[in-house]
Amino acid sequence: MSDRVVAAIDQGTTSTRCLLFNRAGRMVAMAQREHRQHYPRPGLVEHDAAEIWRNVTRVVPAALKNAGLTPDDLVGLGIANQRETTVIWNRHTGVPLARAITWQDTRTDGIVARLVEDGHAPLITSICGLPPATYFAGPRLRWLLDHVPGAREGAEAGDVLFGTMESWLIWRLTGRHVTDVTNASRTMLMDVRTLQWSDKLLDVLRVPRRMLPEIRPNAEVYGTCTTVLPGVPVAGALGDQQAALVGQVCFSPGEVKCTYGTGAFLLMNTGHRLAESTHGLIPTVGYLLGDSPVYALEGAIAVTGSLVQWFRDSLGMIGTAAQIETLASTVRDNGGCYIVPAFSGLYSPRWHPEARGVMVGLTSFINRGHLARAVLEATGWQTREVVDAMNADSGVPVTRLKVDGGMTANHLLMQFVADVLDVPVERPLGSEAVSLGAAYAAGLAVGYWSDLEVLRANWHRAAAWEPAMDDDLRRREHENWGRAVNRSYGWVQSPGEE
């Protein structure tokens, strides 16, 4: 077993990857394919689940080929996934009934508004820990049941199944209809204390129980692959941000990680205590690797890396994402310009679904460099807002931030994050924490790694940024950012279901 490796499928918002990891937690090979983003109307974002499955069937063999390995060299497979993205499919044919509705989609604002108007918000939050919001999978499932012909009838008959993307992939690989506890905790349908589907929440959202997967721990052999990797056990699954918490070995209460990808997601380990939030954070399941769950506080930022993509693709200001650092470095500061990327509303900690993106402080002095710096600074200030909320909710000040994800290659951005937080920022050797966390879960389940301390020993710091910003400047810029965010409110006047 010592020469064998663990495979991880990272099914993300823009692409699907397969990565192979050795016992030291080092990546030995990777393959990746992007999938199409569908935007039928403003606020609607969809994926083709069948296309994503086809990509899985291609990237897994490609990763093995790149490493010169065969399925016999794998001890197990773990899956990490974009979380709240919702798919329904026919149990008998395996064909999705509609495109998957992604976590960025806001079409369920009418459903969520009615839940609040009908007085269900306190009940929902008391059971699942989540505020009613378009962010979560349950309202998306309700929308699909209400709008896709035959969906509700098929679900009630047991012919139509629901899952988030890891559930969809496990079903395609093994034939088992299961979900892991971290993804289930993002549906607004699971009791966050019992870790089971809640009949009360199913009734409120009018979801037939027969279509739901079985909720399982994060490290467990769910089944054996019958295709793609015949004979290899699927032994781990986590939502991508919880996977990064595990990959960053944040196993002690108070440890915090931030993953910078399409969006940015901060999670603080709160131990076996479910910490309630009064500052706009999300209490959630961190992971279940043993007998009892470890909980986390989460701050979700919708738009970070995707703002750089917008700057590149929609505005044409840069040719590649990496060029934004070079462009931003041509100026000393933002020139008084601030960009608030509320493209699909504001998530943690403000939760303003009606907000939309704004650019303020424009003068004839502003050039492309200032705009580039404002794009990067938006990620820094959004991170600061979430960390402030975590400090207030937990009572344990964040003293360092572990970071991972593609944006951590941007040194200017990471220095700015350290500056506005006034704490050190650390990046591990290898920034693939999401995939590594999925691999760790699968490896623990099959005995490839013995315990969490072995995983902790695999973590090595590769880069660190120390805060260097003047206190007065930090305070002034923070105030300016707050003024800019306030101007993003109220752009969508009334929620609509369509």
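**Close-up views of a predicted model**

**View 1. The largest cavity.** About 90 Å³ of space lies in the largest cavity of this predicted model. The structure holds two cavities of 30 Å³ or more. Helix H12 (368-394) and helix H16 (471-486) are the elements that give two or more residues to the lining of the largest cavity. Among the lining residues are Ile 301, Val 340, Pro 341, Gln 382, Glu 385, Trp 481 and Val 485. Eight lining residues are nonpolar, two are polar and two are charged.

**View 2. The second largest cavity.** This cavity has a volume of about 30 Å³. Arg 373, Leu 376, Glu 377, Leu 412, Leu 413 and Phe 416 line the second largest cavity. H12 and helix H13 (411-421) each supply at least two of its lining residues. By class, four are nonpolar, none is polar and two are charged.

**View 3. The open sheet.** Six strands line up in the order S3-S2-S1-S5-S14-S13, with mixed pairing. Strand S3 (27-34) and strand S13 (219-224) stand at the edges; each has a single partner strand, so one side of each lacks a neighbour in the sheet. From one strand to the next, the twist averages 25°.

View 4. Strand S2 (residues 15-21) pairs with S3 in the antiparallel sense over seven bridges. Leu 20 stands opposite Ala 29 in S3. Helix H1 (residues 49-67) packs on the sheet and touches strand S1 (5-11), S2, S3 and strand S5 (74-81). The direction of H1 makes about 150° with that of S3.

**View 5. Helix H6 on the sheet.** Helix H6 (residues 165-174) lies across S1, S5, S13 and strand S14 (233-239). H6 runs at about 145° to S5.

Definitions and conventions:
Residues numbered from 1 in each chain as written. Predicted model: local features only at pLDDT ≥ 70, side-chain atom pairs only at ≥ 80, totals over all residues. Heavy atoms only, no water. 1 Å grid on protein atoms, 1.4 Å probe; cavity = no way out; pocket = protein on both sides within 12 Å on 5 of 7 lines; lining within 4 Å. Points joined across faces, edges and corners; volume = space filled by probe spheres on them. Helix = DSSP H or I, 4+ residues; strand = E, 2+ residues; numbered from the N terminus. Nonpolar A, V, L, I, M, F, W, Y, C, P; charged D, E, K, R; others polar. Pairing = 2+ DSSP bridges. Axes fitted to C-alpha atoms, helices over the stretch in contact; angles between N-to-C directions. Contact = heavy atoms within 4.5 Å.
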